[in-house]
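Hello,

Here is the structure I promised to hand over. My notes follow below it.

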Amino acid sequence: MGDVYTHGHQDAVLRSHRWRTAENSAAYLLPHLEQGMRLLDVGCGPGTLTVDLARRVAPGAVVGVDRSAAVVAEAQAHAASEGVDNVSFLAADFSDVPDDGFDVVHAHQVLQHLTDPVGALADMRARARPGGIVAARDSIYSSFTWAPDEDRLDRWLAVYLAVTARNGADADAGKRLLGWAHEAGLGDVRYSTSTWTFATPEDRAWWGELWADRTVGSSLAEQAVEYGAATPDELAEVAAGWRGWAAEPDGVFVVLHGEIVARA
């Protein structure tokens with residue numbers, strides 16, 4: 001089967017993608033970046049992370065690639081508004097990008113959505129120069145944790161895992177990156193982990209509302225109903241659970257990620 005993007009490109013999804021920066025989403029990679037490097041950002045989405053990385057390697061050229069023409073247009077507009085001119089964007093599958101000897105090939109939260117992540121890492125390796133960097137960061141959904149306990153969030157996770165499994169993807173990609181990198185022929189693979197933590201009232205409100213909206217108004221919701229993983233009424237109840245969690249003064253949500261930095 002072909003790759004199916006579980007989340008989709010609705011605003012509820014893109015709100016979280018626009019939040020991503022080099023500091024909160026690629027800290028593991030930053031020590032390896034140098035001015036003048038050429039970088040390919042695979043699955044760039046609306047471009048906030050891509051543009052931030054472009055600032056780190058300027059004047060090196062950065063290319064962001066994403067299948068969605070709409071989000072690529074948003075990324076181009078974001079780069080222009082930020083005055084970052086060493087970045088360009090393509091609406092394409094990254095495997096269509098020429099093997100062009102990039103110093104860094106990077107993917108954030110991409111491999112978890114692919115049916116052949118090892119092949120994707122091999123394609124990333126092919127686009128890096130000999131000795132260049134291949135870097136990836138992905139979530140480990142089964143290890144997400146929250147307090148206080150909330151049955152409706154347990155149900156959310158079960159639905160999410162069922163949908164991604166039906167799509168032939170691996171929601172726990174982050175813990176498999178080391179093995180996948182070895183299978184793809186990458187060398188000097190260094191594995192690390194990091195988290196996003198949502199525990200302040202402001203962070204809880206943002207994260208909870210974002211996922212409440214996703215649960216009923218994104219491609220995830222459509223697929224969950226289509227696959228028989230949940231009914232619309234169940235999804236509405238799960239969304240209410242997200243809002244209930246966000247209102248808890250002691251609420252905490254921790255997102256675990258795995259990361260690799262390897263050499264082509």
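**What I found**

The accessible surface of the protein comes to about 10,600 Å², and 51% of that surface belongs to carbon and sulfur atoms. Accessible areas come from the Shrake-Rupley method with a 1.4 Å probe, and for residues only the protein chains shown count as cover.

First, the ground rules. This is a predicted model, where local features need pLDDT of at least 70 and side-chain atom pairs count only at pLDDT 80 or more, while totals for chains, interfaces and linings use all residues. Residues are numbered from 1 along each chain as its sequence is written, and side-chain values use heavy atoms, with hydrogens and water left out.

**Overall**

The protein has 10 helices and 8 strands. These are DSSP runs, numbered from the N terminus: helices are H or I with at least four residues, strands are E with at least two. The C-alpha trace spans about 50 × 40 × 30 Å along its principal axes. The radius of gyration is 18 Å, which agrees with the value near 18 Å for a compact globule of 264 residues. That radius is taken over C-alpha atoms, and the globule rule is 2.2 Å times the number of residues to the power 0.38.

Of the 264 residues, 52% are buried. Buried means under 20% relative accessible area, exposed over 50%, and partly exposed in between (1.4 Å probe, protein chains only). Among contacts with a separation of 6 or more, 80% are between residues 24 or more positions apart. Contact means heavy atoms within 4.5 Å.

Charge is next. There are 21 positive and 38 negative side chains. The centres of the two sets lie 4 Å apart. Lys and Arg count as positive, Asp and Glu as negative; His and the chain ends are not counted. Each charge is placed at NZ of Lys, CZ of Arg, CG of Asp or CD of Glu.

**The cores**

Which residues touch the most other members of the largest nonpolar core? They are Trp156, Trp211, Trp242, Trp245 and Phe253, in a core of 29 residues. At least two residues of this core come from each of α6, β7 (187-198), α8, α9, α10 and β8 (252-263). Apart from it lies another core, of 28 residues, including Val65, Ala136, Leu186 and Val189. A nonpolar core is a set of buried Ala, Val, Leu, Ile, Met, Phe, Trp, Tyr and Cys residues joined through side-chain atoms within 4.5 Å.

Trp242 sits in helix α10. Its relative accessible area is 0%, so Trp242 is buried. Leaving out residues up to four places away in sequence, Trp242 touches Leu153, Trp156, Trp207, Gly208, Trp211, Ala212, Thr215 and Phe253. With the same exclusion, the contacts of Phe253 include Phe144, Trp146, Trp196, Phe198 and Trp245.

Helix α9 (residues 219-226) has Ser219, Leu220, Ala221, Gln223 and Ala224 as its buried residues. Their cover includes α6 (151-166), α8 (201-217) and α10 (232-246). Just after α9, Gly228 takes a positive phi of about 80°.

**Two more residues**

Thr50 lies in helix α3 (residues 48-57). Thr50 is buried, at a relative accessible area of 0%. Beyond its neighbours within four places in sequence, Thr50 contacts Asp41, Cys44, Val62, Gly64, Val87 and Phe89.

Arg263 is in strand β8. Arg263 is partly exposed, because its relative accessible area is 31%. Not counting residues up to four places away in sequence, Arg263 touches Gly131, Gly132, Ile133, Leu186, Gly187 and Asp188.

**Backbone points to check**

Most residues other than glycine have a negative phi, and most peptide bonds are trans. Some places here depart from that.

- A cis peptide bond joins Ala58 and Pro59, with omega about 10°. Pro59 is in the loop between α3 and β2 (62-66).
- A cis peptide bond joins Ala147 and Pro148, with omega about -10°. Pro148 is in the loop between β6 (145-147) and α6.
- Gln109 has a positive phi, near 60°. Gln109 lies in the loop between β4 (102-108) and α5 (117-126), and counts as buried at 9% relative accessibility.
- Asp188 has a positive phi, near 50°. Asp188 lies in strand β7, and counts as partly exposed at 47% relative accessibility.

Best wishes
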